[in-house]
Amino acid sequence: MRQSRIFTRTRREAPADEVSKNARLLVRAGFVHKEMAGVYSYLPLGLRTLGKIVGIIREEMDAIGGQELVMSSLQDPEIWKATDRWEQDVWFKTSLKAGGDIGFGWTQEEAITRIASQQVSSYRDLPFAAYQIQTKFRNEERAKSGIMRGREFLMKDLYSFHASQEDLDAFYERAKDAYARVFARVGIGAQTFVTFASGGAFSKYSHEFQTLSSAGEDTIYVSREKGLAINSEVLNDDVLADLGVSRDTLEEQTAIEVGNIFKLGTRFSEPLGLSYKDEFGAAKPVVMGCYGIGPTRLMGTIVELLSDEKGLVWPKSVAPFAVHLVSLARDAGDEVARASDALYEDLQKAGVESLYDDRDLRAGEKFADGDLLGIPTRIVVGKDAAATGTFEAVDRATGVVSKLSREDILKSNFNTK
RNA sequence: CGGGCUAUAGUAUACCGGUAGUACGCGUCCAUGGGGUGGAUGUAGACCGGGUUCGAUUCCCGGUAGCCCGACCA
């Protein structure tokens, strides 16, 4: 991608109405556009990164047998009335011209349960897991924290269906491991803790994935020795005894909830009539679990954790481009420009995702923009490089500079996840 | 949803009851060319409605929007 053709631009100043680091940087860098409070559009650069995040999540969900689908956003009140969730405040609702109310989905247990009820009739149809990556709508009373707490946001919601609690329990552990892999792959694994939280009617606990950050909204208590955390909502002596943790080893921390997994039991299958026949012909309710990650919130979390005073810093796994090729040519046709163009062509042929700064700007401005965009590796083409064929590569995260030949560059696997 | 603050050019910000200023951006020109370069010149603005007043962008009221604190948050 030639930077001269990107329709978004970087901005020197952050918008006055954004306080959160993630929104200030993402807006400055042209990754997102704020439409209104809690509602953001994802511009080409932002969408590339969001797509990388979604891709990683999709791979991990597929790896545990998840089958992707997309459910409707418009929701039929009937199924939500059956589970007593139609009256909740989080809904955005509207009405049909033909009469009757509908809602915009803020989660989808009811919908997937009804779909499943059309497909499942025997224990032979179980287990299975289905997920979607879809825009959710929540009428938050107060949007805040930039893209991390919006009224419209992307969510990956996986639902699993089982004949028995034991089968759910086993799948739940696999899902928990898959979640840990997702957070590790996007670069926040070390700061992310499985956190015991309130469980609801069918299990003692749910598990949140909480990433330590001052930008978070949750208070958790981290046990480093056990490698887990406890949400302040459920912290009490019973829970401590249950988990074998002593209170004086806990660290109080502020954290961002980047994922949440729940055992639903028959909370939804019973009211919505999702049952199966067992080996003896007896009808039994399906046992369910649900598993959520917000890719947009995850993107905001990555920014909160990894960016620095100069701008964004993307891990390779989610960067919009692998390489930022910066030409310091003075004129479109000069030796430096020709060397830059040639290297860009080579990178394209080699399949390296490259952003090519071919703009007619001074070096300082290009470097400042490069720092702001946060692409992992910057390759600079100046007079020396054009003359000697040796290019300077700078690591955005560490600032480490290395000298590489064209061959070195083309054989480097910049796209490595 | 309670409380508070705010609303001026594309962006960030001044000042003012009487012609709205600056910086960045954008256009043109000259110089410059490895960390947001220097100069010249042009461009573009008072959220909406009502009130007070000779006159309101400024003061008052209402609305709308944004932000912060709290509450809320499978």
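## Chain A and RNA strand B in a predicted model

Around RNA strand B there are 43 residues, and Asp-17, Ala-37, Ala-363, Gly-364 and Gly-382 come nearest. A residue counts as near a molecule or strand if its C-beta atom, placed from the backbone, lies within 6 Å of it. This is a predicted model, in which local features need pLDDT of at least 70, side-chain atom pairs count only at pLDDT 80 or more, and totals for chains, interfaces and linings use all residues. Residues are numbered from 1 along each chain as its sequence is written, while chains are lettered from A and ligands numbered from 1 in the order in which they are written.

The surface near RNA strand B holds 16 nonpolar, seven polar and 20 charged residues. Here Ala, Val, Leu, Ile, Met, Phe, Trp, Tyr, Cys and Pro count as nonpolar, Asp, Glu, Lys and Arg as charged, and the others, Gly among them, as polar. At least two residues of this surface come from each of β13 (251–265), α9 (363–373) and α10 (383–388). The largest share, eight residues, is supplied by α9.

Chain A has 11 helices and 21 strands. Helices (H or I, at least four residues) and strands (E, at least two) are DSSP runs, numbered from the N terminus. Along the principal axes, the C-alpha atoms of chain A fill a box of roughly 80 × 60 × 45 Å. Of the 417 residues in chain A, 44% are buried, meaning that 20 or more other C-beta atoms, placed from the backbone, lie within 10 Å of the residue's own. Among contacts in chain A with a separation of 6 or more, 70% are between residues 24 or more positions apart; a contact requires C-beta atoms, placed from the backbone, within 7 Å.

The domain assignment gives domain 1 (8–306) and domain 2 (323–411), with bounds taken from an automatic or database domain assignment. The C-alpha centres of domain 1 and domain 2 are 39 Å apart.

One open sheet has five strands in the order β18-β17-β19-β20-β21, with mixed pairing. Two strands pair if DSSP finds at least two bridges between them. Because β18 (354–357) and β21 (401–405) stand at the edges with a single partner strand each, one side of each has no neighbour in the sheet. Neighbouring strands of this sheet are turned by 25° against each other on average, direction ignored. Helix α8 (335–349) lies across β17 (323–327), β18 and β19 (377–381), and runs at about 160° to β17. Helix α9 also packs on the sheet, where it touches β17, β18 and β19 and makes about 170° with the direction of β17. Axes are lines fitted to C-alpha atoms, for helices over the stretch in contact, and angles run from 0 to 180 degrees between N-to-C directions.

A second open sheet has the order β4-β6-β5 and antiparallel pairing. Here β4 (74–75) and β5 (92–95) are the edge strands, each with a single partner, so one side of each is left without a neighbour in the sheet.

| Strands | Sense | Bridges |
|---|---|---|
| β20 (390–395) and β21 | antiparallel | five bridges |
| β5 and β6 (101–104) | antiparallel | four bridges |
| β9 (192–198) and β12 (228–231) | parallel | two bridges |
| β11 (218–223) and β12 | antiparallel | four bridges |

In β12, Ile-230 is the bridge partner of Phe-196 and of Tyr-221. Strands β11 and β12 form a hairpin with four residues between them, and Gly-227 in the turn has a positive phi of about 65°.

Terms used
Contact = placed C-beta atoms within 7 Å. Buried ≥ 20, exposed ≤ 12 C-beta atoms within 10 Å, placed from the backbone.
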